[in-house]
Amino acid sequence: MKTIKILLLLFVTTAILSCKKYLDAKPDATLATPSTLKDLQGLLDDYRTMNFLFCGGTGILTDNYYLTDNDWASMYREDFKNYYIWQKDDNNNSDWNSAYQQIYTCNLVLESLKTIKSPSKEEELSENIKGTALFFRASYFYSLAQLFAKSYDKNTAGTDLGIPLRLNTSFDQKSVRSTVKETYLQIIDDFKQSITLLPESAFIKSRPVKAAAYGSLARTYLAMEDYSNAYAYADSCLKLYDILINYSSVDTAANIPFARFNDEVIFGATSYPVLPNSAVICKIDSNLYKSYNDNDLRKLLFFKKNQDGSYSFKGDYDGSLNNGYGHSFTGIVTDEQYLIIAESAARLGKTDVALQYLNGLLKNRFKEGSFVPVTTTDSLELLSIVLSERRKELLFRDTRWTDLKRLNKDPRFAVKLTRVLNGKIYQLPASEIKYVALIPKTVITMSGMQQN
Amino acid sequence: MKTILCFLIVLLFKNNINAQQLVPVTGTVYSAKEQKPLIGVTISVKGTNIHTFSSKEGNFFIKVPAQHILIISHVGYTTKEIKTDSIGPQPLNIILTENEIAINNVIVSTGYQQINKESATGSFEKIDNNLFNRSTGTSILSRIDGVAGSILFDHRQGSDASLQIRGISSIGYASTAPLIILDNFPYEGNINNISPNDVESITILKDAAAASIWGARAGNGVIVITTKKGQYNQPMKVSLNSNVIITAKPNLFTQKNMSTSDYIDLEKSLFDQGFYDYSIDNPYYFPPLSTVVQTLAEERDGKITEADATAKINELRTKDVRNDFEKYLYRPGVTQQYGINLSGGSEFFKYQLSGGYDRNLATLLRNQDDRFSIRSSNTYQPVKNLQLNVSLLYTKSTVNDNSPGGYNDLIMGATGGAFPPYTQFADAKGNPIPLDYVYSQAFTDTAGEGKLLDWTYNPLDELKNVSHSTITNTLIADIGLRYTFSKALNAEVKYQYQNVDGNSSIGYNVNSLNARNLINQFTQIDGANVTYIVPYGGILDAEENSLKAVGWRGQINFNKTIGTKHSINAIAGGEIRQNETDMSGDRTYGYDEKLNHTDVDFVNTYPTFDNVLGNIRIPSGSEFSSKLDRFVSMFANADYTYNKRYSISASFRKDASNLFGVDANKKGIPLWSVGGAWNTSEESFYHIEWLPFLKLRMTYGYGGNVSNSISALTTIKYLPASAQVQTNIPFNRISNYPNPNLQWEKVGMMNVGLDFGTRNKRLYGSVEYFKKKSSDLLGEEALDPTVGVAYLTTNSANLMGSGIDVNLNSINIATTTFQWESNFLFSSVKNKVTKYLYDVFTDGYVSDGQYINPIPGYKPYLIVSYKWGGLDSDGNPLGYLNGKKSNNYDSIMYYTPLKDESIGGSAIPQYFGSFRNTFLWKRFSISFNITYRLGYYFRKPTLSYYSLLYLGRSNSDYEKRWQNPGDENKTDVPAFHYPLNSGSDNFYQYADINVLKADNIKLNDLRVSYAFSSHINQKLSLQNLEIFGYLSNLNARLWIANKDAIDPDFPTGLKAPISISVGIKTDF
């Protein structure tokens, strides 16, 4: 009996001692707790998550396209249907949730960087990763602000409600809405920090670089109607990278004329895909189509004629199948920067600069030998041309909604949007509060934050 | 049963006795307990046919040849043998002892110890060898369907039915499957790799006292499979068995579809309304068109005349694709099973050796599987007090899944829909007809000007050109060493090694559509030059799976009876266990049977043919995974019985694993159970004569449940470059968000049971009541999505369950030539979700109850529907919005509160069981099993215009649809309005009008067997010979609750075909 007791005791002790180590084994070889710079870089390299920038809703709300009654009716997403006719819908979880999920990843990376002791030779990599995370976080804050907050108005930004600014990974901290001013300050701060950390070039355009951060700042300042800063940052961006594709070298017959990460792209990203923007059902507004000059190659490269005589969009800069998933390209591209400079310069009275950048872009868009440069010196006419070209160039690039919100404040450029569905006319007057989407019901219930 | 069989055998010898000297014997038979004469007792002479019965007074007279043995037998009593040479003074006074003890003298196995059910406090259910082999079939678990109480097979999951013991204990984030023990250790592989031929019996551990010794994995109940063993001091016994099962070809026409002609008329009308215009000459995708649409388009384009088009279309009206399915893709199924067992033993050695071979030709052509198994189990006593057991099991199973799919499964490539009902697979001569599958004929006819490979599809060709096989090798080695210190004490060490290697490969030869399609997609044509980026040749997808499980157990067993009244039975020990599963997959291009292959470029993108898909990479198909589960456990179990009357039991187990992280292990509380039993009938004051056996027992305790997919820490998953075609660089994704409070699921269960038996075993059985509370169940907890994650898997749910299990066995008639036995099983289970932290937005919630959808206060498998308000005068369905009839479907579907919806109840049976009757007449035995499932509902398949238009899935309700004003008074099937209103379709499908009662009683099987006489056995030098026939999948409805008479197991009407088997069993 005694022997047994000793044996048992021995067995138990060895079991307990060896137990801890034995149980430390990883249950899945493909899983790990993020503990190396490579782990963090890998999280930011998740293209279909991190580079799904911009809320899909912004694409649905715009006036560049229409849906047939039938296609609208057969959509299974009620929130899409309602976005299309500018009806309030708070079941729109996908835009909000996915953006904040990516913001969490950015915060996780930023927090993990503090705990990872990297050898000095990897310091640069560590900085790049930090810059990338800040860049993505700012981009997501920016895109949320476009859909869920009023446009920036320097008179009311201090009191207008912005979006919650989550800056850490804690689940316990309550989400509170910031003001529009705080929102934009955070966006600008993150982008500015990232400029100093990001590399000049990356081996793949899914990763942000310095020029992308400059370009994003230019885009942000434009949205804030701060034209001198918009000018300055777009200029900094183009100083680093200013290649334009000459469209006469692109095959107009191709189904997908532009490749992903093509020469004009500084940083590649797309919006969260939404069915209404899928080329299968998304039909181009006929007046918009007619506004392209017949010598304008964009008329051939951007559009494909449908059986019913309507046109659909094929000029996706993500090189995807006819925009088949319904995303918009939302990355940073040189053409947008040209247009930001052209507009800002026109507004700031630098007509020659505006003309230089406008014509610099357009001469790459027209058939060889057919381009007639813009020469007007009338500032209003020039601005009108720039804005019209901005719409025509940046089609399905998710800039239109922000532009509408911004330009509607100016009676000269304000438009009233109209849709006809099942014989009924839906309108969105320029001043409408509906330019701000509802925050999802779930978010309001769980957090108690204020609804728009 | 055994008595009767003996008796039957004895009967056979009636005419074989030569005129020997016969000794007359007279006597009286009495019962031991009551000392009363027994009537109808069989008195026979062993090895002859001579027999007689005792009279009313218990008297008998028989003439016996010298030097023979007299057998006195009676149902419910222990049989007695008397040598004629030693017969004393006559008349004899023969006393037969009641064998009611035998009712409960059942040994059950928990995987840790053998327990006598008589003294146990826990709830066990045993399926013995006879019952296990009552049905045929190659799968172990399907043989206990309908014969094991308290186990519910969820028939909605098809043939691989999942099963629940006493309802569910988890909501699906951890495993919901019971733990399966093969002899001593958990079996981690696919149970279908184990041959039923090796199974001796199955024990189901139902309550906490029975199961909680399995600790963290006991929560869902435990099924212990005990394999066959040899016996000491037994001459070699050889058993052979074999059977053939024939399964009929399914009758596809039992499915209720729209007629082909109606389908064509619908297509024509849709064509006129422009529905197909987007697809016809589609500039992007070139989707395939149906023959009717193609013909109509050609007619519209003036390519063919109206008369030709009409003639062509009208010819199609007589076709039905089901004819072709039945003719070319189905056959009657044939299953053959062969088994041989050898067993025996000497004083120090016992052995068991078995071999089996099963072959199954499925009803789908070219789907077949076979399994070869060999097993040996040997026990030695090399020195005194030491026992060594070595068991080895090896099986090799091969599964071929070459069929492109049966009816309802075979779908069209581009649309994912069904083939139109007039599709023909072959022409009159049986030659395959090419079908459009990926692209339209208009595209494939002209594409590549003949330089591309054929781009059409035919299932008959696919049948020849795709080979999909999975070969699994299973090896299980068990070594056990037991040292006996004293009669009371022994210690043992057990080791088990399981290795399951599976290799599966899908070969698409160059003629298969998959290969042709991929080759074409990447083909570059430059004038006369054709460049293949994907090499011209076949494609081989290979996948290797391996499972290695190693377990070590040390255990001390203590058994002692002190004096005459105290009996102790205890075990204690520790266990470590590791499961490692690895998987790797790869794809080879340019593959052929000569093993040629070609390397391809997975890195760069290539333009696709006609730029249809833009620039893409060649799909690579490489994948790897590697998982490791480790457990360390300590356990103890003890029973104490006083004076055979009072028993108490207690068990304890503590587990730790590598799954959750250290903190969770620390938090894990020990799982335990306690129980007590009172053998009332042993009490001196107990005098109920008609009920000589009565026992009351009660237990309480906990089992656990684990999930190996979540962790308390933030984890990221490494994903390969091939998982993101956009950038083709490897990346990571967060796979688990942190949750420091994570712990294991706990299932607490109380069980109260009553066991009883009447005199002569006429009626015996048990009634049990249980109550379960599952807490800390893993589920989704809703968070404010702004924090970064909308739902986090936490210990967020609780579940209650309660029910009753009744098991009754009776011998209704027992005469000398005829016996009728009945077995009745009844189980009731009610589950309710009592807590869930998910923010279940129940407004407008509907469900089929197909999956667990936990809503606090409701059943986990719940059917919820919209209230039906009939059809309006345009044939549109109406629902209710704020108490008023409405066709505002969006509002109904999004804003109806759950309380205003129609709660249809449980989607799984709440009451179920079976009633099995066995008749023995002479050497025949006939038994049939009636099963019943009550207290549940199902949603019948409905006509969905969306499915009809976009997926080609029809329903014969189309004929009953609203067509003219006034029809709303006659029908509930909505009108067809084009364009479709998706809301209307959805609303109708989920309206309560389509929820029917599923309650049913069915006769499921019938078994007839014949045992040959010992006379014939002797001639053939056999000990036993039995032939049997077994009819299964009868699905004969005795009663069905819903008025539409829809069988809830086969809601579409397409039934599992009937099977008939014949077999033979013999021992020598």
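## Chain A overall

Of the 452 residues in chain A, 62% are buried, where buried means under 20% relative accessible area, exposed over 50% and partly exposed in between (1.4 Å probe, protein chains only). Keep in mind that this is a predicted model: local features need pLDDT of at least 70, side-chain atom pairs count only at pLDDT 80 or more, and totals for chains, interfaces and linings use all residues. On bookkeeping, residues are numbered from 1 along each chain as its sequence is written, chains are lettered from A and ligands numbered from 1 in the order in which they are written, and side-chain values use heavy atoms, with hydrogens and water left out.

Chain A has 18 helices and 11 strands; helices (H or I, at least four residues) and strands (E, at least two) are DSSP runs, numbered from the N terminus. Its radius of gyration is 25 Å, close to the 22 Å from the globule rule for 452 residues, so chain A is as compact as a globular protein of that length. That radius is taken over C-alpha atoms, and the rule is 2.2 Å times the number of residues to the power 0.38. Along the principal axes, the C-alpha atoms of chain A fill a box of roughly 105 × 50 × 50 Å.

As for contacts (heavy atoms within 4.5 Å), take those in chain A between residues at least 6 apart in sequence: 72% of them join residues at least 24 apart. Chain A exposes about 17700 Å², with carbon and sulfur atoms supplying 53% of that; accessible areas come from the Shrake-Rupley method with a 1.4 Å probe, and for residues only the protein chains shown count as cover.

## A loop residue in chain A

A:Asp160 sits in the loop between helix H8 (123-148) and strand E3 (161-164) of chain A. It's buried, at 12% relative accessible area. Leaving aside neighbours within four places in sequence, A:Asp160 touches A:Lys150, A:Ser178, A:Thr179 and A:Val180. A:Ser178 is 18 residues away from A:Asp160 in sequence, and their C-alpha atoms are 8.7 Å apart.

The model scores ipTM 0.89 and pTM 0.80. Chain B averages a pLDDT of 87, and 95% of its residues score at least 70; pLDDT is the predictor's confidence in each residue, from 0 to 100.

Two stretches call for care. In chain B, pLDDT stays under 50 over residues 1-19, for which the model has 45 contacts beyond four places in sequence. It also stays under 50 over residues 100-104 of chain B, with 10 such contacts. Where pLDDT is low, the predicted coordinates should not be read in detail.

Helix H6 (residues 291-300) of chain B is mostly covered, with 7 of its 10 residues buried: B:Val292, B:Val293, B:Gln294, B:Thr295, B:Leu296, B:Ala297 and B:Glu298. The cover includes helix H5 (260-272), helix H7 (306-316) and helix H9 (441-446) of chain B. After H6(B) comes B:Gly302, with a positive phi near 75°.

Over in strand E20 (residues 367-380) of chain B you'll find B:Asn378, which is buried at 16% relative accessible area. Beyond four places in sequence, B:Asn378 has contacts including B:Phe349, B:Tyr351, B:Leu388 and B:Val390.
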